[in-house]
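Please keep the sequence and the structure in view while reading.

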Amino acid sequence: ETIVDEYRGALLRRMKQPELAYQSYHQANVKSKQNIISAEGESDQDSNEHVTLIADFVRTSILTSAAAREAGYDFQQQMNYLVHAEKLAAPQFASMNKNQDMDEHLKESFRDQIVDLYNNMGITEKKQGSLERARDLFSKAFEINPKDGHALVQLASVDGDKNDDVVSSAKELDPEYVSALFDGYSSRFESELVGVLGYTGHSLLYAALQKALKQLGKSPLSVKKIIDLGCGTGL
């Protein structure tokens with residue numbers, strides 16, 4: 001089952017094993033695609049089942065792309081997963097509202113997956129420095145769901161000076177989005193802040209403390225506990 005590989009990948013990410021985590025997510029992605037291919041050969045497959053399988057593939061593609069970035073793979077490798085997912089999902093999403101037999105809850109869930117996909121594609125382009133492409137992708141996510149906090153924030157970050165309406169909207173975010181953002185980011189916060197952004201504040205503070213203790217004639221080992229009164233990063 002793909003979910004087993006996903007859970008293994010999540011565990012390995014928390015253990016700071018990015019390459020192994022990527023391999024697990026990649027396996028989940030391969031299996032998810034195979035599930036779609038296998039189901040296409042079944043004549044009795046209904047539309048709900050088909051959309052569920054595609055939504056699963058979109059999810060594993062997003063996770064695998066993020067894991068590839070954390071493992072140090074290049075832009076093209078990261079983007080390939082997302083582009084492949086869009087090619088499968090976009091036509092299905094375009095025709096979804098015409099399907100009267102599809103479960104409404106599934107429609108909403110699939111819509112959220114597509115928004116998440118475009119947001120991740122936009123972020124990947126943004127990290128590459130392709131702001132025009134990123135803007136187009138964030139705009140697609142925003143058009144599908146104008147209330148999506150992620151799309152609002154990202155679109156404002158690349159288009160705020162051209163669209164005051166987007167900026168004003170981004171100042172008022174759904175509390176559930178803010179909570180989910182912090183919760184979802186917590187497992188990889190340190191690797192992003194230190195590894196990607198090059199944050200060194202905690203190291204500088206530690207070095208300054210050691211220097212001050214030495215000047216006082218005390219060993220740095222004499223400090224047994226330090227309380228972080230910052231934003232709760234734990235760095």
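**Basis of the description**

This is a predicted model, in which local features need pLDDT of at least 70 and side-chain atom pairs count only at pLDDT 80 or more, while totals for chains, interfaces and linings use all residues. Residues are numbered from 1 along each chain as its sequence is written, and side-chain values use heavy atoms, with hydrogens and water left out.

**Overall make-up**

The chain contains eleven helices and zero strands, where helices (H or I, at least four residues) and strands (E, at least two) are DSSP runs numbered from the N terminus. Read along the sequence, the pattern is therefore α-α-α-α-α-α-α-α-α-α-α. Of the 235 residues in the chain, 35% are buried, a word that stands for under 20% relative accessible area, with exposed meaning over 50% and partly exposed lying in between (1.4 Å probe, protein chains only). When contacts (heavy atoms within 4.5 Å) between residues at least 6 apart in sequence are considered, 59% of them join residues at least 24 apart.

**How helices pack**

Two packed helices are described by the angle between their axes and the distance between the axes. Here the axes are lines fitted to C-alpha atoms, for helices over the stretch in contact, and the angles run from 0 to 180 degrees between N-to-C directions.

Helices α1 and α3 pack at an angle of about 30°, and their axes are 12 Å apart. That makes α1 roughly parallel to α3, since angles under 35 degrees count as roughly parallel, over 145 as roughly antiparallel, 65 to 115 as roughly perpendicular and the rest as oblique. The contact is made by Thr 2, Glu 6 and Arg 13 of α1 together with Arg 59, Thr 60, Leu 63 and Glu 70 of α3. The crossing of α1 past α3 is left-handed, which is said when the near helix is turned anticlockwise from the far one by less than a right angle, and right-handed is said if it is turned clockwise.

Helix α3 also packs with α5, at an angle of about 25° and with the axes 10 Å apart, so α3 is roughly parallel to α5. This crossing of α3 and α5 is left-handed as well. Among the residues that make the contact are Val 51, Ile 54, Ala 55 and Val 58 of α3, and Leu 106, Phe 110, Gln 113 and Leu 117 of α5.

**The nonpolar core**

In soluble globular proteins, nonpolar side chains tend to be buried together. A nonpolar core is taken here as a set of buried Ala, Val, Leu, Ile, Met, Phe, Trp, Tyr and Cys residues joined through side-chain atoms within 4.5 Å. The largest such core has 27 residues, and those with the most contacts inside it are Val 58, Phe 110, Leu 117 and Met 121. At least two residues of this core come from each of α2 (18-40), α3, α4 (75-96), α5 and α6 (131-144).

Which residues does Phe 110 contact, leaving aside its neighbours within four places in sequence? They are Val 51, Ile 54, Ala 55, Ala 89, Gln 92, Phe 93 and Met 96. Phe 93, in turn, has its place in helix α4, and, not counting residues up to four places away in sequence, Phe 93 touches Phe 110, Arg 111, Ile 114 and Ile 144. Although Phe 93 and Ile 114 are 21 residues apart along the chain, their C-alpha atoms are separated by 7.9 Å.

**Salt bridges**

A salt bridge is counted when a side-chain nitrogen of Lys or Arg lies within 4 Å of a carboxyl oxygen of Asp or Glu, and by this rule the count comes to nine. Three of them are listed here.

| Salt bridge | N to O distance | Helix |
|---|---|---|
| Asp 5 and Arg 8 | 2.7 Å | α1 (residues 2-14) |
| Asp 56 and Arg 59 | 2.9 Å | α3 (residues 47-70) |
| Glu 104 and Lys 107 | 3.5 Å | α5 (residues 104-128) |

Glu 104 and Lys 107 are three residues apart in helix α5, so about one helical turn separates them. Glu 104 counts as exposed at 54% relative accessibility, whereas Lys 107 is buried at 9%. Elsewhere, salt bridges that share partners join Asp 5, Arg 8 and Lys 31 into one network. Within it, Asp 5 is buried, with a relative accessible area of 5%, while Arg 8 is partly exposed at 40%.
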